[in-house]
Amino acid sequence: MGRPRAFDTDQAVSTAAALFATHGYEGTSVDDLVTATGIHRGSLYKVFGSKRSLHLTALRNHLDQEIHRTTAAIATLTDPTQALTAAIASYDNGPAAGFLLLAAVERAPHDPEVAALVAEGISALEDALRPSHGDAAPQLASTVLGTRLRLRAQPTAIKEH
């Protein structure tokens with residue numbers, strides 16, 4: 001009989017998601033994941049199989065815990081101004097879009113599973129804006145996400161001013 005797992009899998013996934021959201025997939029090494037999670041390399045591979053598998057698990061968790069919760073709240077707002085303001089606040093200043101956008105730009109073009117998860121996240125925002133904005137929802141979702149992407153692309157000094 002093997003030893004019981006000495007770490008919290010959910011916490012490890014959350015920690016990995018934070019690293020991937022900050023540094024991207026390519027910018028996060030297995031050593032970074034080991035250091036941040038406190039999990040030995042062998043245990044990390046035993047539980048998740050690979051860095052890619054951990055990335056997919058973290059992205060799925062991000063969709064479930066951040067994106068879908070955020071979009072569910074936005075979908076309840078029928079006033080167009082309130083809904084758009086909530087989307088902008090959630091995506092431009094909140095945690096919802098960072099990981100999703102990095103995955104979209106960095107991994108989705110090369111990984112069909114990541115592409116499917118990214119598409120799910122984008123569709124969730126479009127669907128959330130549909131009750132308040134109807135057919136304009138996809139364009140508004142693109143604007144919200146595009147603005148967030150532009151903010152991420154600016155040097156830190158510009159963001160602070």
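Modeller: Gladly, and please keep in mind that this is a predicted model.

Biologist: Okay, and which residues in α4 meet which residues in α7?

Modeller: From α4 the contact takes in Arg52, His55, Leu56, Leu59, Arg60, Leu63, Ile67, His68, Thr71, Ile74 and Ala75, and on the α7 side they meet Glu113, Val114, Leu117, Glu120, Gly121, Ala124, Leu125, Ala128, Leu129 and Pro131. Sorted by class, the residues of this contact of α4 with α7 divide into 13 nonpolar, 4 polar and 4 charged.

Biologist: What about α7 and α8, at what angle do they pack?

Modeller: Helix α7 (residues 112–133) packs against helix α8 (residues 137–153) at an angle of about 125°, and their axes are 8 Å apart. With that angle, α7 is oblique to α8, and the crossing of the two helices is right-handed.

Biologist: Which residues in α7 and α8 meet there?

Modeller: In α7 they are Ile122, Leu125, Glu126, Leu129, Arg130 and His133, and these meet Ala137, Pro138, Leu140, Ala141, Val144 and Leu145 in α8. By class, that contact of α7 with α8 has 9 nonpolar, 1 polar and 2 charged residues. Leu125 and Leu129 in α7 are also listed in the contact with α4.

Biologist: Switching topic, how many salt bridges does a search of the whole structure find?

Modeller: The search finds 8 salt bridges. One of them joins Glu26 and Arg107, with the closest N and O atoms 3.7 Å apart. Glu26 lies in the loop between α1 (9–23) and α2 (30–37), while Arg107 lies in the loop between α6 (96–106) and α7, so the pair ties together parts that are 81 residues apart in sequence.

Biologist: And are those two buried or exposed?

Modeller: Glu26 counts as exposed, because its relative accessibility is 55%, whereas Arg107 counts as buried at 13% relative accessibility.

Biologist: Where do Arg130 and Asp127 lie?

Modeller: Both lie in helix α7, 3 residues apart, which is about one turn of the helix. Arg130 is partly exposed at 35% relative accessibility, and Asp127 is partly exposed with a relative accessible area of 46%.

Biologist: Which residues do salt bridges with shared partners join into one network?

Modeller: That network consists of Glu26, Arg52, Arg107, Asp111 and Glu113.

Biologist: Last one, how many helices and strands are there in the protein?

Modeller: The secondary structure comes to 9 helices and 0 strands. Of the 161 residues of the protein, 39% count as buried. Among contacts between residues at least 6 apart in sequence, 64% join residues at least 24 apart.

Technical notes. Residues numbered from 1 in each chain as written. Predicted model: local features only at pLDDT ≥ 70, side-chain atom pairs only at ≥ 80, totals over all residues. Heavy atoms only, no water. Axes fitted to C-alpha atoms, helices over the stretch in contact; angles between N-to-C directions. Helix = DSSP H or I, 4+ residues; strand = E, 2+ residues; numbered from the N terminus. Parallel < 35°, antiparallel > 145°, perpendicular 65-115°, else oblique. Left-handed = near helix turned anticlockwise from the far one by under 90°. Contact = heavy atoms within 4.5 Å. Nonpolar A, V, L, I, M, F, W, Y, C, P; charged D, E, K, R; others polar. Salt bridge = Lys/Arg side-chain N within 4 Å of Asp/Glu carboxyl O. Buried < 20%, exposed > 50% of the residue type's maximum accessible area, 1.4 Å probe, protein only.
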